[in-house]
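Subject: Structure handover

Hello,

Here is the structure you asked about. Please open it alongside this message; my notes follow below.

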Amino acid sequence: MASSRKTKPGKSPPNLPEALTQWWHRQWPEDAENRPTSVLIAYSGGVDSTALLHAMARAKKITPTIGVPIRAVHFNHQLQPLADTWQAHCELTAQALGVPLTVIPLSLKDASEHTARQARYAALKALLRPDELLLTAHHRDDQAETVLQQLLRGSGLTGLGGIRPLQAFASGWLARPLLRWSKQQLYDWLLAEEIPWVSDPSNRDTRYRRNFLRHRVLPTLMEHWPQAPKALSRAAEHAQAAESLLQHFYRRHGPATGAPLPLSSFSELPETAHGTWLGLWLADHGQKRPDSARVQEFLIQCQRAAADHNPQLDLGNGRIIRWRDALYLVENKSNDTAEDFSHWTKCWDGTGSLRLPAALGSLELTELTGSSENRPLRLQVGFYRGGESIRLPQHRHSKRLKNLFQEHAVPPWERRRLPLIFATDAKGKADTLLAVGDRWLAEGAPFRGVLWHRQSTRSATA
């Protein structure tokens with residue numbers, strides 16, 4: 001059932017609708033570009049999300065300049081006997097507020113915090129519309145608990161920065177507009193406005209680590225440091241500021257996005273910063289940094305390995321490989337044991353797009369030239385087998401691809417994934433090599449360029 005119980009009254013409650021209005025206008029003034037096109041609120045029915053949903057609905061009503069539609073989503077974890085009752089409460093509340101509500105049942109393999117959180121965020125990514133803003137009701141006490149957890153894990157700046165107030169998420173953004181408020185203040189506002197909420201008994205189960213911090217550790221700290229949550233939240237802001245400075249430094253002095261990380265760049269930094277530098281490069285590729293011990297061991301191997309050895313660091317969904325004098329990020333499907341495409345071929349007339357095998361994407365030709373504008377080309381697309389040659393513009397002689405790859409530092413795992421476009425002879429056999437992916441065109445090729453629409457996620461190339 002809905003509840004409005006509270007152990008003891010707090011100070012005068014904040015004006016949450018007004019606070020959210022001011023927050024919105026700080027983030028997106030009326031003349032701002034890239035404003036959200038709509039808002040999605042994660043609504044569990046508990047204290048935090050109830051305060052957020054009601055306050056945001058009121059803020060939109062009293063402030064027409066917010067001017068975007070609001071909708072909400074409720075996850076039924078199907079783990080508690082009252083789960084369907086809570087869902088019904090959320091449905092009635094959303095209906096009364098005039099907020100469309102999507103209910104998503106979750107089938108979880110276990111009841112752990114991590115599993116539930118992963119399932120919710122995966123569903124939110126799929127639900128979020130392009131340029132939509134997802135709002136979650138994390139508050140200052142949540143931030144304090146997160147920072148304590150990260151401290152106990154020995155995290156670096158990224159972890160100690162805790163919950164970010166605003167970040168890119170899926171095809172839109174994720175914001176936490178209540179981070180400056182304590183849970184007590186949210187309680188106080190709900191009580192003052194006589195707004196009901198639901199209570200999940202699992203939130204008091206101290207077998208869960210976050211609940212243990214919330215109910216056992218933080219109260220003990222606050223006996224001696226009453227401002228502990230506020231201080232921990234401020235420490236998170238300092239860590240975020242320091243990380244922002246590092247990212248700015250990396251953008252100015254690091255390699256271009258998607259490029260390999262030169263080993264020489266480490267020599268310009270103190271040894272204690274090497275792991276951080278690698279972490280910034282990984283973050284630029286959308287990857288998380290492994291634990292410090294593994295990173296340190298990998299960097300030592302890179303320093304000591306002979307030139308023809310290639311140390312690797314497994315990331316789970318990819319790996320870092322040292323090749324020559326740089327580090328490359330390689331997807332699992334791009335590594336040396338990837339599928340062999342050398343015998344894959346496809347005939348093509350050069351029109352439309354040609355789908356490549358696996359997740360390699362598709363090809364298009366641009367600006368067909370000469371007679372090829374009026375009659376179809378006779379082409380064959382395949383992959384590197386060894387022995388192929390191409391005559392580049394302004395070169396009298398052909399050059400073997402093996403030598404071209406070496407001269408341009410194309411890593412071995414990329415060579416086998418570069419589509420080759422051949423002209424065919426009268427019998428339909430591959431004859432003259434016209435293009436190597438979107439890297440090189442041959443002299444006299446009957447098109448001006450090749451567009452390779454890569455389907456795979458970000459990976460480094462030379």
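Glutamate 407 and lysine 399 meet through their side chains in a salt bridge, at 3.0 Å from N to O. Lysine 399 counts as partly exposed, with a relative accessibility of 25%. Please keep in mind that this is a predicted model.

That pair is one of a set. Searching the whole structure turns up eight salt bridges. Here are the others I looked at.

Arginine 210 bridges to glutamate 145, and the closest N and O atoms are 3.0 Å apart. Arginine 210 sits in helix α8 (residues 209-224) and glutamate 145 in helix α5 (residues 140-153), so this pair ties together parts that are 65 residues apart in sequence. Both ends are out of the solvent's way by the numbers: arginine 210 is buried, and glutamate 145 is buried too. The pair also belongs to a network of salt bridges that links Glu145, Arg210 and Arg214.

Next comes arginine 207. Its salt-bridge partner is aspartate 205, with the closest N and O atoms 2.6 Å apart. Aspartate 205 counts as buried, because its relative accessibility is 18% and the cut-off for buried is under 20%.

Now the sheet. Five strands make an open sheet, in the order β13-β16-β19-β20-β21, and the pairing is antiparallel. The edges are β13 (346-348) and β21 (440-441), each of which pairs on one side only. Strands in a sheet pair through backbone hydrogen bonds. Within this sheet, β16 (residues 379-383) and β19 (residues 419-424) pair in the antiparallel sense over five bridges. If you want a spot to look at, glycine 382 stands opposite leucine 420 in β19.

One loop residue is worth a look as well. Asparagine 34 lies in the loop between α1 (16-27) and β2 (38-42). It counts as exposed, at 60% relative accessibility. What does asparagine 34 contact, leaving aside its neighbours within four places in sequence? The contacts are Trp28 and Trp173.

Finally, the whole chain:

- Secondary structure: 14 helices and 22 strands.
- Box: the C-alpha atoms fill roughly 85 × 55 × 45 Å along the principal axes.
- Burial: 44% of the 462 residues are buried.
- Contacts: of those with a separation of 6 or more, 68% join residues 24 or more positions apart.
- Surface: the accessible surface is about 25,000 Å², and carbon and sulfur atoms account for 50% of that.
- Charge: there are 58 positive and 45 negative charges, and their mean positions are 2 Å apart.

Start at the pair of arginine 210 and glutamate 145. Go on to the pairing of β16 with β19. End at asparagine 34 in its loop.

Best wishes

Terms used. Residues numbered from 1 in each chain as written. Predicted model: local features only at pLDDT ≥ 70, side-chain atom pairs only at ≥ 80, totals over all residues. Heavy atoms only, no water. Helix = DSSP H or I, 4+ residues; strand = E, 2+ residues; numbered from the N terminus. Buried < 20%, exposed > 50% of the residue type's maximum accessible area, 1.4 Å probe, protein only. Contact = heavy atoms within 4.5 Å. Areas by Shrake-Rupley, 256 points an atom, 1.4 Å probe, with all protein chains shown as cover. Lys, Arg positive; Asp, Glu negative; His and termini not counted. Charge placed at Lys NZ, Arg CZ, Asp CG, Glu CD. Pairing = 2+ DSSP bridges. Salt bridge = Lys/Arg side-chain N within 4 Å of Asp/Glu carboxyl O.
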